[in-house]
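Q: Hi! Could you walk me through this protein in plain words?

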Amino acid sequence: MADEILPPHKRGYVDASILVTTDWLAEHINDSNVVVVDTDDPIEFAAGHISGASNPPDNYYKTSLDDRTHIQGPEQFAKTMESLGIGDDSLVVAYDRTGGLYALRLMWALHYYRHTNVKMLDGGFQKWESEGRATSVDGVAADANVSASFTAREPDPSMYAGIDDVLDAIGAENSTLLDVRTDAEWEGTNKRGGKRGGHMPGAVHLEWVNFHTGGDVPTLKTADEIRALLTDRGVSTENNVITYCQGGIRAAQAYWVLKLVGAANVRNYDASWREWGNNDNVPIEDET
């Protein structure tokens, strides 16, 4: 099954270097600078994970579990990374079981704080397990590598969109707002506990799950398949694109998908609908 998967370098991506294969990880997993992070829920982690992987208590990397609106500030983020064993010299390999949803969120957050030595394991845990590679149910302590020292550098503004950036993009000829939430969220029937439901005026809707293959071993689709999806929705990789969802997690996956197919100017609205939908001063559209 896993042997039939087209490897990343054959999918036509502009730059496939953010992805590594299970063969590569098996060869390098014991390298002193490699830190493997299982980015899924702790319950899934406890049921089985790649041996030696660490696991975050909250894979959103937001300021708190009570307020998952904005990404952690530099000091808090540095402590979170250190608790995972990630230091300034670490090569981070992130994986999940959901076609890149949480692995690419960690990648986005690390790049935002300018730690760019990070990869996603292609095919995630399912591919690793299906090949009979070493897994474990033993927990990894949050301070698995107490010697890790992580520096959160000045955030990269080219990756991040705030509420004012989104307001500026509405109606702008060279900008696209890409909503990657579910149909119910887009239509406004599912408010996810927020004040208002719907979507941003002029936004384009393409749910994030369309970017991966699904199935027993989900991988990102080929560049041609992704470009066809975007073209069908009128999304040009030549435009300035702002991705958004509920809290910047699915939007981070879409951010990297767009990068893989050559979009140069992409930003993730990190606060996304959690902020927008609760602000009565910004416009929305709904279909209810």
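A: Let's begin with a term: a salt bridge is a side-chain nitrogen of Lys or Arg within 4 Å of a carboxyl oxygen of Asp or Glu.

Q: How many salt bridges does the structure hold?
A: There are 16 salt bridges in the structure. Side chains of opposite charge can pair when their charged atoms come close.

Q: Before we go on, where does the model come from?
A: This is a predicted model, where local features need pLDDT of at least 70, side-chain atom pairs count only at pLDDT 80 or more, and totals for chains, interfaces and linings use all residues. Residues are numbered from 1 along each chain as its sequence is written, and side-chain values use heavy atoms, with hydrogens and water left out.

Q: Okay, which residue forms a salt bridge with D23?
A: R133 does, and the closest N and O atoms are 2.6 Å apart. The pair links distant parts of the chain: D23 is in helix α1 (residues 22–28), while R133 is in the loop between α5 (124–130) and β6 (135–136), 110 residues apart. Helices (H or I, at least four residues) and strands (E, at least two) are DSSP runs, numbered from the N terminus.

Q: Is D23 buried or exposed?
A: D23 counts as exposed because its relative accessibility is 52%. The cut-offs are under 20% relative accessible area for buried, over 50% for exposed, and partly exposed in between (1.4 Å probe, protein chains only). R133 has 23%, so R133 counts as partly exposed.

Q: What else does R133 pair with?
A: The side chain of R133 also meets E131 in a salt bridge, at 2.7 Å from N to O. E131 is partly exposed, with a relative accessible area of 26%.

Q: And what about R233?
A: R233 and D232 meet in a salt bridge too, at 3.0 Å from N to O. Salt bridges that share partners also join D23, K127, E131 and R133 into one network.

Q: New topic: where is K221?
A: K221 sits in the loop between β9 (204–205) and α8 (223–232). K221 is buried but has no salt bridge, and the nearest side chain of opposite charge, E225, is 6.1 Å away. Lys and Arg count as positive and Asp and Glu as negative; His and the chain ends are not counted.

Q: Last one: how many helices and strands does the protein chain have?
A: The protein chain has 10 helices and 11 strands. Of its 288 residues, 52% count as buried.
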